[in-house]
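I opened the model to look up its contacts, its cores and the shell around its ligand. My entries follow in the order in which I made them.

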Amino acid sequence: MMSSERNTIFALSSGRPPAAIAVVRVSGPRARDAVLALAGRLPQPRQATLVRLKGRSGDRTDLAAGSAIEAIDDAVVLWFPGPRSETGEDTAEFQVHGGYAVIAAVLSALGEIEGLRPAGPGEFTRRAFENGKLDLTRVEGLADLIAAETEAQRRQAFRQLKGMLGDRAELWRRRLTEALALVEASIDFPEEDVVSERLIEPALATAADLDREIRGLLADSRRGEQLREGLTVAVAGPVNAGKSSIVNRLAKRPAAIVSPYAGTTRDIIEVHLDLAGFPVTVLDTAGVRDTTDPVEEEGVRRARARAGAADLVLWVTDATVGDPAPLPSELTKPGAPPIWLLSNKSDLVGRKCPEDASERSAEASAGLKCFRISALTGASFDDLEDGLADFAKRFFSVGTELGLVTRERHRGALVECADALRRACQEGVAGREDIIAEELRLAARALGRLVGRVDVEDVLDVIFRDFCIGK
Ligand SMILES: Nc1nc2c(ncn2[C@@H]2O[C@H](COP(=O)(O)OP(=O)(O)OP(=O)(O)O)[C@@H](O)[C@H]2O)c(=O)[nH]1
Ligand SMILES: [Mg+2]
């Protein structure tokens with residue numbers, strides 16, 4: 001009977017119970033029935049209203065005998081008739097006490113109502129997207145906001161959620177559509193070159209402007225994407241120098257095994273830190289040495305590869321060992337990350353940071369810093385942590401604003417758009433109107449994909465899968 005009607009979905013939208021309060025949300029055409037069934041009446045729209053929720057007794061064995069309706073909990077209920085709701089549909093929110101049994105009773109009472117079913121991950125947000133409440137970049141911003149672990153990530157995600165990229169793309173798309181209209185008009189005057197040129201020139205000027213603006217946005221060296229993922233600092237160096245001890249002290253917990261045996265660390269161990277609001281992943285790696293043990297050899301190979309691909313390398317040496325091993329080739333080749341030298345176990349010696357260290361590699365000397373530290377006593381760790389926080393700050397705030405291109409998907413769509421615009425601008429005007437029109441159409445389509453207006457079915461499932469249930 002209800003087959004043509006959309007399902008009404010419900011889910012626990014707050015965190016893991018038990019908690020002081022739990023929020024259960026309902027969205028869809030039968031949300032009104034759900035409120036009436038549980039609360040007995042419909043509150044004023046958008047007004048928090050205290051009601052007693054009632055439902056069938058949770059004891060299933062009573063069912064045969066006709067189980068009794070009983071009070072579940074006193075709750076605050078919010079009723080948002082569509083389309084003025086987060087999903088655009090009728091939506092209700094029950095704020096109940098956050099115990100397991102309370103939540104179970106509310107969910108089970110909702111499940112008994114015809115046309116209601118539990119929501120899948122991200123399904124509320126997906127409905128908001130489908131009802132035009134959010135464009136796709138905002139949906140991604142929302143996912144990032146929920147996942148944000150540091151202050152800078154939160155700021156970036158919030159800007160995305162507020163449409164800093166989506167609104168700009170929509171504006172570009174509108175300007176492109178206007179330019180396209182001019183070109184199409186010129187196609188209607190094929191014999192009159194003067195008219196045609198007058199129409200096409202402003203269109204191409206717009207295309208050139210947009211091309212410049214978009215490339216400006218793309219020239220942010222992937223800071224936006226990197227802020228989502230975090231800065232990577234690899235701790236590397238010869239065996240037994242104290243790399244794992246340093247990582248543990250930075251992490252303030254024993255994340256990696258420390259032992260007096262050389263070759264203790266084999267796999268890469270990742271530790272996530274919040275440095276001055278910026279996300280930093282610290283990698284502990286296997287000590288670099290020549291070895292015949294195949295497992296350790298693989299560890300060394302991975303260590304060198306990950307260090308070579310990191311954003312910063314902390315090269316650790318043991319201050320008690322003279323003549324430390326040379327840097328591996330991954331760290332001396334052009335484009336290698338900056339390297340800071342950490343002379344560890346300073347508690348055992350009075351020596352200075354090795355003088356020859358800065359001469360070892362011309363490439364590595366950019367941003368070269370030297371720290372004399374002790375992972376045992378913590379000596380000079382404040383300096384090291386301050387240095388890392390400064391590095392993260394500079395790394396993420398190159399340019400004046402945080403990146404707007406926060407995902408590979410954005411970058412792909414923008415590159416495609418800018419390439420089509422450039423091709424359009426390179427066309428000679430006379431007689432090429434149809435090709436210019438086609439390129440502008442392609443450019444507009446790429447922007448449409450960015451905000452989720454066209455061709456997005458394939459990415460939707462991927463994007464919404466990242467959400468939790470109840471969002
Ligand atoms: N005295 C002193 N000992 C240290 C210091 N840092 C580490 N050690 C000791 O040095 C030994 C090796 O430390 P690890 O942290 O396991 O060294 P690693 O570089 O991770 O070693 P591998 O994983 O085998 O490459 C352990 O016995 C540590 O207790 C330090 O600052 N001072
Ligand atoms: Mg180790």
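Contact, in these entries, means that the C-beta atoms of two residues, placed from the backbone, lie within 7 Å. I worked on a predicted model, in which local features need pLDDT of at least 70 and side-chain atom pairs count only at pLDDT 80 or more, while totals for chains, interfaces and linings use all residues. Residues are numbered from 1 along each chain as its sequence is written, and chains are lettered from A and ligands numbered from 1 in the order in which they are written.

Entry: confidence. I noted an average pLDDT (the predictor's confidence in each residue, from 0 to 100) of 87 for the protein chain, with 89% of the residues at 70 or above. Over residues 355–365 pLDDT stays under 50, and the model has 16 contacts beyond four places in sequence for them.

Entry: cores. I took a nonpolar core as a set of buried Ala, Val, Leu, Ile, Met, Phe, Trp, Tyr and Cys residues joined through C-beta atoms within 7 Å. Buried means 20 or more other C-beta atoms within 10 Å of a residue's own, exposed 12 or fewer, and partly exposed in between, with C-beta atoms placed from the backbone. The largest core has 72 residues, and Val106, Val183, Cys417, Leu440 and Leu447 touch the most other members. Helix α13 (residues 433–451) gives this core its largest share, nine residues. Domain 1 (8–119) and domain 2 (137–220 + 405–465) both contribute, so the core lies between them; the bounds come from an automatic or database domain assignment. Beyond four places in sequence, I found Val183 in contact with Leu199, Ile200, Ala203, Glu433, Ile436, Ala437 and Leu440. A second, separate core of 44 residues includes Val235.

Entry: Val235. I located Val235 in strand β7 (residues 231–236); helices (H or I, at least four residues) and strands (E, at least two) are DSSP runs, numbered from the N terminus. Val235 counts as buried because it has 29 C-beta neighbours inside 10 Å. Its contacts beyond four places in sequence include Lys243, Ile246 and Val247.

Entry: α9. Eight of the nine residues of α9 are buried. Their cover includes β7, β8 (269–275) and α11 (381–396). Lys252, with a positive phi near 60°, follows α9.

Entry: ligand 1. I counted 22 residues around ligand 1, the closest being Gly242, Ser244, Thr265, Gly287 and Leu376. Helix α9 (residues 243–251) supplies the largest share of this shell, three residues.

Notes:
A residue is near a molecule or strand if its C-beta atom, placed from the backbone, lies within 6 Å of it.
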